[in-house]
Amino acid sequence: MSNAPQSNSQSVSPYSSQNAAVRAELSEIDASIRSSAIFFTISAIFWLLAGTVFALIAAYKAHEPSFMGDSALTTFGRMRSAHLNAMALGWGNNIIFAVGLWIMARLCRSPIRHGGVLLIAGAFWNIGLTLGIGGIIAGDITSVEWLEIPHYATPLLAISYALIGVWGIVAFKFRKGEHVYVSQWYILAALFWFPWLYVIAQVMIIWFPARGVVQSVTNWWFAHNVLGLWLTPMALATAYYLIPKVLGRPIYSYYLSVLGFWALAIFYNWAGVHHLIGGPIPVWLISAGIVASVMMVIPVIVVGLNHHMSVVGLHKEVWRSPTLRFVVFGAISYTLVSLIGSAMAVRSVNEITHFTHFTVGHAHHGVYAFFTMIMFGGVYYMMPRLLNREWPSAPLIKLHFWGSAIGITVMVVALQIGGWIQGVEMNNAEIPFLEIVQNTMPWLQARTVSGLFLTVGHIAFAVNFFWMLFAAGAVRAKQGPTLLDSTSKEGAA
Amino acid sequence: MKNLPLLFCGIFFALAFSFTGLILSSNIQLGSLTQTTETEDENGNPLEGEPLFPMQSVGLAQQGKQVYIEMGCIYCHTQQVRRAGFGADIDRNWGPRQSVARDYIMQDRVLLGTMRTGPDLMHVGGRPLNADWHHLHLYNPQITSKGSNMPPFAFLYETRKIDGEPSADALQFPPNSEYGPEGGYEVVPTRRAEALVEYLLSLKLNYSLPEAQIVE
Amino acid sequence: MDVDSYTDLMPIILLGVVFFISAIGMLYWSSKRGQLRNFDDQASTIFTDEEPEGEISDSFPSK
Amino acid sequence: MSEEKHSSGPHPDNKASLEQAAMQDEKMQDVHAQLMREKEEPQEGFSPVPILLMFLFAALCFWGGVYLVHYSGQFRWDAYSPYAKNEPPPVVVVPLFELGQKVFNKQCAVCHQPTGAGVPGVYPPLVGSDWVTGHPEVVSRVLINGLNGAIEVNGKTYNGNMPAFGPSGLNLSDRKLAGVITYIRQEWGNKASDVTEKMIADYGSTYAGRSTPWTAAELKEGLGPIPEPDPEPVVEEAVEGEPAEVAHAEDPHAGHGHTEEVAH
């Protein structure tokens, strides 16, 4: 890999004769969303680190059960749930509110209105989440997967989320440009879907519990759609925006992106029931879930093709750009994880993988290798434009990339091999259960090791970020001029 | 698409489509299931005089379920038995038959679970494991199942000095086991431990339902 | 396929049909309004003169 | 407002020269001016979706439809198996001996060991124990109500307590009790007669009231007659008197194969 490229202070093409109004408008947009985007990014990184700590505890406890086993607060069930909520609602939502809304603001071509609303809502979101995760650890966990936050914290989350959702729609309403770029569809759809999902799930499971198994159908309709209709569209929106933007080349086929968007909207919705294959629900529900999960191959191939064709021929640039290194890693992972997901939904495969670590590996493959890596890329692109500063250290970015990439690859491979073995052995009644537990131990230990890699990556990311945010040195080191000129254009390789 | 209304309608219908198709329809089909007898008469009503299943869990077992929820047991244990021929749940005597929707209608929180790091517990009460075994297992799983990766729940138990006679419900540790208390002390389950074990023992799938007969 | 098993799903099927018809209607209306024409130039809306098409706009910070 | 883009032919330079030559006279120039201001012709704007993709999607949709309808169990709420047809699942009757073996391995092997040898000093053996192979009522009592206190088996005394498996205890069905007793009376070289579900039902009803486990002494008293359909040593060809509970398809002898060659 080429060593640090030559300094990027001098921009290649002469300062183009852009009239001041349009230039000012773009910088105004970035300025208007700067405070909220930075606030969300900071809280996102805080939750990322907190979630990583919970993850390490839970992963280590998986093969050393007596570790921190003497108090109810740190029992495995609560640590895992705290990790899940810290990551999904803490890191995931905050970084979406940062990167996603920044992209929305930019594409709406108009400075955002009432930025303050975002800040207030963001503050409530983080307070609610802290209260919620504290509640989980204290023992008020609801033991409903993806909805573990106790009832006293969820209204706070729902309201502050609705504020942000409404803000997004208002921003879209007052957009200037006539065109609606594909990222905007995805962001708008996600901003609309998540609150509806969240409110219905809360009402039908926690507040006015439905009768019997309908709770589980609702639970998994919600939980899978959090991934499919909230994290995935936001990550795809970021990829659809950053890949063409960084490479300076329009998306391969805009028509494909329309097909991809609507196919995802229709099929992903139904796929959630594949978490209950073999479970106590009518067989037609399961079959509908399986069909929808397999049909998900269509939007995945379409998006994969679209992104791939947009990158073809510029692989060196992709490798040289920190943003695209992460984003393209994420885009490739999306195709891979979705194809594995569709395969997992088929009954004969599901019979083996259903209750095993294979599913855990798949979940991390999707939520980390795809969503989180794209969001890392988004931050690497957004921050210089918000702060008018460059990232202080390239080696830290590379450390972050390799820490995360190796970590997630090791984790996914280890859990999915271990999970497959676990599944096959579990379906063979001769093998006593304790023996299966023994056989999965080495793979769980490998997962803990991969967790260390990820931690290194996250620390490198946080150090680099806060160094950029606070250290005055970074500004001096980067005497690059203001945002608009110092878009560190690479020599026209 | 260029304008908001069209985009919005599409987005709304996409989710409405799956909400009605998955949630509403399962609520229509399963939302009004009632208890019934093991076999129904020809027009589908429960037979008089026969016990109605599934039974409502009450008393200590119900409180035990709250402990089960608070400890997050569902993150390693499931409560669903897959049908014969799809996984080896019945062969592993995790239950005499497949668990069906009606088995869960009396539960205010359904705890199906999705991970089997530990065995399925739907029929754990029907297995030859008595309360003492469960208490020892919960206190420290290494006692009964060496090498298990289940965390110890010793905080549900209280180690106290024996004053005179050891109390009746003190845990019976296997002879000179390294996990037992030192001399002069005994380990007694707290109320939450007793409730949890009562709940585990109440988890039984020993009844048939019209749509799911126990076949042996 | 005994018919009576569908009766309890009838409301859902009707709702599904309504959705389907309105989806086709919207598609027809949007193509009438010309929203499905010339997609591709929308793809270039994200380029501005500061970050024009054809230029790489991100690279590793030199240190 | 965005500057006119030449039609993006691969080599824009020589295309331009062609256009220069064509537009010499003034009129052409004016017309051309209007043309120049117009936006490009709205071409269809979609690069051809690889046809292969369309075939793949069509195939997927077809598969989806077939799969959903085929494995939908007629969309019935009570259809849980993808192969659910209309009629109720066939009731498969397992011969007593096989059923007994399964029940034994599940419930009893924990203490009496799969070999039936028990644990010296702790759990009494079942192999060659006359309590087991003796009067069927004795072993049935033990299983229905349980046993505690000292019991002397093959010369050694054992002092444990056996849980009750009847209604007052772990509540095994009559059929399972009959199965497991038949199994232990005919496994590991034991040669004793079947104990049928009906016998267990009779014993069960007589001892239903009893909730305390037996002691060894009590076991021997008040034994009823051995039910005649299955006299101990003499085994007829096929047990006519019995309702043919062994109703599975093959030859009824199969279920009793053991007792035949066992007749001594």
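The legends below describe close-up views of a predicted model, taken one region at a time. Residues are numbered from 1 along each chain as its sequence is written, and chains are lettered from A in the order in which they are written. Because the model is predicted, local features need pLDDT of at least 70 and side-chain atom pairs count only at pLDDT 80 or more, while totals for chains, interfaces and linings use all residues, and side-chain values use heavy atoms, with hydrogens and water left out.

**View 1. Confidence along chain B.** Chain B has a mean pLDDT of 90, and 98% of its residues reach 70 or more, where pLDDT is the predictor's confidence in each residue, from 0 to 100. Among the elements of chain B, the lowest mean pLDDT, 88, belongs to helix H1 (residues 4-30) of chain B, and the highest, 95, to helix H5 (residues 191-202) of chain B; helices here are DSSP runs (H or I, at least four residues), numbered from the N terminus. Where pLDDT is low, the predicted coordinates should not be read in detail.

**View 2. The interface of chain B and chain A.** Here 75 residues of chain B are in contact with 90 residues of chain A, contact meaning heavy atoms within 4.5 Å. The two chains bury about 6,900 Å² between them, with 67% of that area on carbon and sulfur atoms; buried area is the accessible area (1.4 Å probe) that two parts lose on being put together, summed over both. On the chain B side, the residues that lose the most area to chain A are B:Leu15, B:Leu22 and B:Tyr75, which together make up 11% of what that side buries. By class, the side of chain B that touches chain A has 38 nonpolar, 28 polar and 9 charged residues, where Ala, Val, Leu, Ile, Met, Phe, Trp, Tyr, Cys and Pro count as nonpolar, Asp, Glu, Lys and Arg as charged, and the others, Gly among them, as polar.

**View 3. The interface of chain D and chain B.** This contact takes 16 residues from chain D and 14 residues from chain B, and the area buried between chain D and chain B is about 1,300 Å², of which carbon and sulfur atoms give 61%. D:Trp77, D:Tyr80 and D:Lys106 supply 46% of the area that chain D buries against chain B, more than any other three residues. Across the interface of chain D and chain B the rule finds 0 salt bridges, and the count of residue pairs in polar contact (both at pLDDT 80 or more) is 2. Helix H4 (96-112) and helix H7 (174-186) of chain D each supply at least two residues of the side of chain D that touches chain B, and H4(D) gives the most to that side, with 3 residues. By class, the side of chain D that touches chain B has 8 nonpolar, 3 polar and 5 charged residues.

**View 4. A salt bridge within chain A.** A:Arg80 forms a salt bridge with A:Glu145, and the closest N and O atoms are 3.8 Å apart. A:Arg80 lies in helix H2 (residues 76-107) of chain A and A:Glu145 in the loop between helix H3 (115-140) and helix H4 (154-173) of chain A, so the pair ties together parts that are 65 residues apart in sequence. Both A:Arg80 and A:Glu145 are buried, buried meaning under 20% relative accessible area, exposed over 50%, and partly exposed in between (1.4 Å probe, protein chains only).

**View 5. Two salt bridges within chain D.** The side chains of D:Arg76 and D:Asp78 meet in a salt bridge (2.9 Å, N to O); D:Arg76 is buried, with a relative accessible area of 16%, whereas D:Asp78, at 25% relative accessibility, counts as partly exposed. D:Lys198 forms a salt bridge with D:Asp202, the closest N and O atoms being 3.7 Å apart, and both residues lie in helix H8 (residues 197-206) of chain D, 4 residues apart, about one turn of the helix.

**View 6. The surroundings of C:Thr45.** C:Thr45 is placed in the segment after helix H2 (10-32) of chain C and is buried, with a relative accessible area of 12%. Leaving aside its neighbours within four places in sequence, C:Thr45 is in contact with A:Arg109, A:His179 and A:Tyr181.

Terms used: Salt bridge = Lys/Arg side-chain N within 4 Å of Asp/Glu carboxyl O. Polar contact = N/O pair within 3.5 Å; in protein donor to acceptor, adjacent residues only side chain to side chain.
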